[in-house]
Structures are given as C-alpha cells and as structure tokens.
Amino acid sequence: LVNAQPLDGLDMFRGDDTVRFVTLLNPAWTARETALDLARVLPDDDIWEVRTEHPFLSALGSYTRQDALPVTVPPFRALLLRLEKRMGFPAPRGAECRALAWRGGKTVLTLYGLPGQRYHFSLTGNMAAFATATLNGEDASELLHGDAITWQAPGNIAGRGGYLGDLLPCRVPEDAETWYEAAMFAADNDALELRSLRRSGETALPEVRAAREALFRQDTFVYRGIDSANIRDGREDTFFCAATQEHDQRIAGGCLRLNMGQPTCHLALTFLLAEGEACDIALDGSGDLKGFISAHVTGKSDNVLCDYTFVPKQVPISETRRGSKTSVYAAFDSPVRYIRVYRAPLRLVQAEAMHVNNLFAPFHPPTAAWQGTFPLGCYPEGSTLCVALDGTHGVEGAYAALRVRDQYIGPADRAPSYPCNPFEHYVRPRPHHYTYYFPLTADLRNQDVQLTVLVMPWGENAFVPRVYVALPETPPAQGTLVLERKCGDEVDL
C-alpha cells in the first residue's frame, strides 16, 4: 500500500493499483455533506466499485476518476470508504449492515435502521455464489437476481435527531438553587478508571474480570480514597477523599453531597481526620431539591486516635499516618433525600448513601442564565439530549439541567469529564466548550422539556448553549439477512 496521502483537512487516502481506502472525518455537530473528487484518489480511468466499510457496510455504486462522489459523514464520526475494481463480498445498496461471515456455507448480514423506517435495498457482489437468501426467516431470493426488496425496521417511527435550537438569555430564575443542585447531585467525582468501568458494563470473559479485579482491588487503588463506594464497603480502613494528590481539589471550598436514595430523618457520618484537622460541619437537606432545611446535630463521638494507610500518589508506595476518627449524628424535622455537608473533613469513611460526591462548590447565586423549552418526540432507545456550550464559560463556570413537568434532572455526564479524584490522571481544566449529556429515557419521550444553563460567579458568559439530539451509534432496529452458499465449502468472494 502507498503511504497515506492527504486530502482536505484531516481527510486522507492510501492504497495500491487495485484497492484504495479513504478516511473522511467530521468533528462537528451536524452531518457533513461533501463531494469527493475521485481524480485525487483513483490511479486510472477504470470503473471502481465504492463502499462504506465503517461505521457500516453499504454499497454506494460504480464510479470513475471523472466523477465526484457524494458522501455524508455523520456528526463526530469517521467514514471509511473502500474503492476496488472487483468486490465479491455482498453488501446492501440502500441500507446499512455489518457482516458476519460464517463457515459452513452461510454469510450473515445484520441490517441496521431507525425504528419504523422503510429501506428499499438490493445486494451487490458475487450473487452467483449463493443459492438462497432469507430476511428474518422469510424468503428474499429476489436479492440474488439483482432485484430490490423493502425492509421495515421494527418498532415505532422515531425522531431522526440533530439540531433542536439555541437557549436564550434570561433573568436568573428564582429557583436557580434547585437547578444548580439538580446538576450537582447527578454528577460524580470518582476516578476516571471507575467511570470507564461503568461505561464498559459487565463482562462475561473471565480474563477481563480478573484484570479488572487486579486493578481495582490493589492496595494502591483502594487506599487512594478515589472510589465513592468505599463509604459503603463496611470497612474501617477505607475512605473517600477529596485530596488524593496531597492538595485540596474542592471548588470554592467544596461541599459534600449525599443522595440517600430514599427519604430519611436521620444521618450518621464517620470521618477520618488527619493530624490538625477539625470536624466542624453544618448540614442541610431536601426531599425534592426545591427547598433545603437545616439539620440538628444530635451527637458527636469523641475523636479516637488511629493509624491509617494512605497512598498519596499513583506509585505503589503506601504510607502509615496518624489520625483520628469521629462520628457525627444529625436529624431533620422532616424527611430528606438530598443532603449537603459544609466544611466537611477531607476523608469520609462511612455513610448510608446511595450516591456521593465531594468536589463541587456550594451553591452561589449565578450571575447569568440561559433557558429554552423544546418538545421531544419519540427517539430511539439510547439517544441523548446534548447541551453544547459554544464559547468560553470558564473552568467549572457553567452548569446545565433540565425540567420535565415538576421534576428537575441533572446531566448524567459531560465532556470534558467532571472533576475527579484521580488515580493516574486528573481531568485537565478546560474553560470552554463543555457539553452536557442527558439520556433520553422513556419518561422524556413526547414531553416538553425546559433546559437551563447557569453561569457561576467565577465563570464567563461568552458562549451560546446549543441543543442537539444524538442518536445511538448503532441504530437499535435490526434485521438478519442470511445468504446460503451453493456448496458447503468456502467460495471465493
């Protein structure tokens, strides 16, 4: 293959006299429509077959050097084109698929589409090599003779996603604290490795499971205090810490936030105090984030001297330090679910909380705000509502949340990531172009949602919030096309 040759921007191609590969990139929120000048790519005047190989397999047609190839690159995706004079492996034209070539005489193509959409497609490739074709168990032999058939992706017709509109400047809402706390209680400050583990999900591979356990159960990880689950592990020697690299990372003094999972009137917290550290906390709580009531500290245990293990850096060197433990007991006049702890010590050992974070700032009245209301349709499962802050807002200078009916919801994730208690690396501070992500769950379908972005006193209001719906990378609706070869042996395709 020839070395990679540049095209426009970050686009490039490589190949030889029989096959060429072209990579087109789109680092933008909207689809990129372009016409590829094939005279810059193809080495001769022969007829070349063109297909997309990534993100899906699809036949585009036959072209020569004199043609301009129209292509669409989805938002934030790379498109891989394959150009070849002869392509025997089957590919749909008019639909998209991923291919599984099975031995034993069968080739399986998995079709992907948006729920409820109809796709009229044919097959290209060496169809003479196949004896039968079935789509979802039904006869589809027309495809073997060059004819097209129609496939309707299962499910109800869903929205196509894309740009919804911009938020508009507004007065700071009277319920700004509720909006802010909805965003804060939805976020986490766990290590990046833990966030990656949650995104990856469960594994059925014993080797992968063993590798995960080796990483997350090693003393170097456990005693860094970077896993919020430490407060629920029942151990007295682990903790969740806001100063994992020997400096306090809390924003504007920080606030320890605990989501108890269900309403409660009582709270017990156990802290580990370093030498010289005091425990002089104040607490308040809310049942629905719409108003906070102060707690009464009903008891506090004496400080009990102890030694504790701490790993200040990612190198596997642990230190034994002298400290003390103390427990604080508090009560509320009415049940609360969301609890804020001010002036909290750095290390929390135990608390019966479902979710906890420890780096975000206490509420400060915002200096500016943006709002907008958008009707949401029925989008495919796995879609995401995105609020992109186009411009400069300062480091941790602006936060987004949404409201549907009377419920306030914070974003599940953000790019770049929320601040973390780091294991190997921290989140690099970035003062511009945050994007907040809200999964479009079933309770948001066919609803009007109100979105709000708050600008904090330490932030900048030099941006415009733009709203998009991002569809899942892999469309959820699938069809199975099985092509059975004329003999059990492998056929040269």
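How many aromatic pairs does a search of the whole structure find? I ran the search and found 18 aromatic pairs. I took Phe, Tyr and Trp rings (for Trp, the six-membered ring) as paired if their centres lie within 6.5 Å, with planes under 30 degrees apart counted as stacked, over 60 as edge-to-face and the rest as tilted.

I noted that this is a predicted model, in which local features need pLDDT of at least 70 and side-chain atom pairs count only at pLDDT 80 or more, while totals for chains, interfaces and linings use all residues. Residues are numbered from 1 along each chain as its sequence is written, and side-chain values use heavy atoms, with hydrogens and water left out.

**Rings around Phe360**

I looked up phenylalanine 360 with tyrosine 399: the pair is edge-to-face, at 6.5 Å centre to centre and 85° between the planes. Phenylalanine 360 is in the loop between β26 (355–357) and β27 (368–375), and tyrosine 399 is in strand β29 (residues 398–404), 39 residues apart. I used DSSP runs for helices (H or I, at least four residues) and strands (E, at least two), numbered from the N terminus. Both residues of this pair, phenylalanine 360 and tyrosine 399, are buried; buried means under 20% relative accessible area, exposed over 50%, and partly exposed in between (1.4 Å probe, protein chains only).

I then checked phenylalanine 360 against tyrosine 418, which gives an edge-to-face pair at 5.6 Å centre to centre with 90° between the planes. Tyrosine 418 lies in the loop between β31 (413–415) and β32 (435–439) and phenylalanine 360 in the loop between β26 and β27, so the pair ties together parts 58 residues apart in sequence. I recorded phenylalanine 360 and tyrosine 418 as both buried. Ring pairs join Tyr180, Phe360, Phe363, Tyr399, Tyr418, Tyr434 and Tyr436 into a cluster.

**Sheet**

I traced an open sheet of 6 strands in the order β1-β2-β3-β8-β5-β6, with antiparallel pairing. Its edge strands, β1 (5–6) and β6 (58–63), each pair on one side only. Two strands pair if DSSP finds at least two bridges between them. Between strand β3 (residues 19–26) and strand β8 (residues 77–84), which run antiparallel, I found 8 bridges. Phenylalanine 21 stands opposite arginine 82 in β8.

**Whole chain**

I listed 4 helices and 35 strands for the protein chain. Of its 493 residues, 48% count as buried. The C-alpha atoms fill a box of roughly 85 × 50 × 45 Å, taken along the principal axes.
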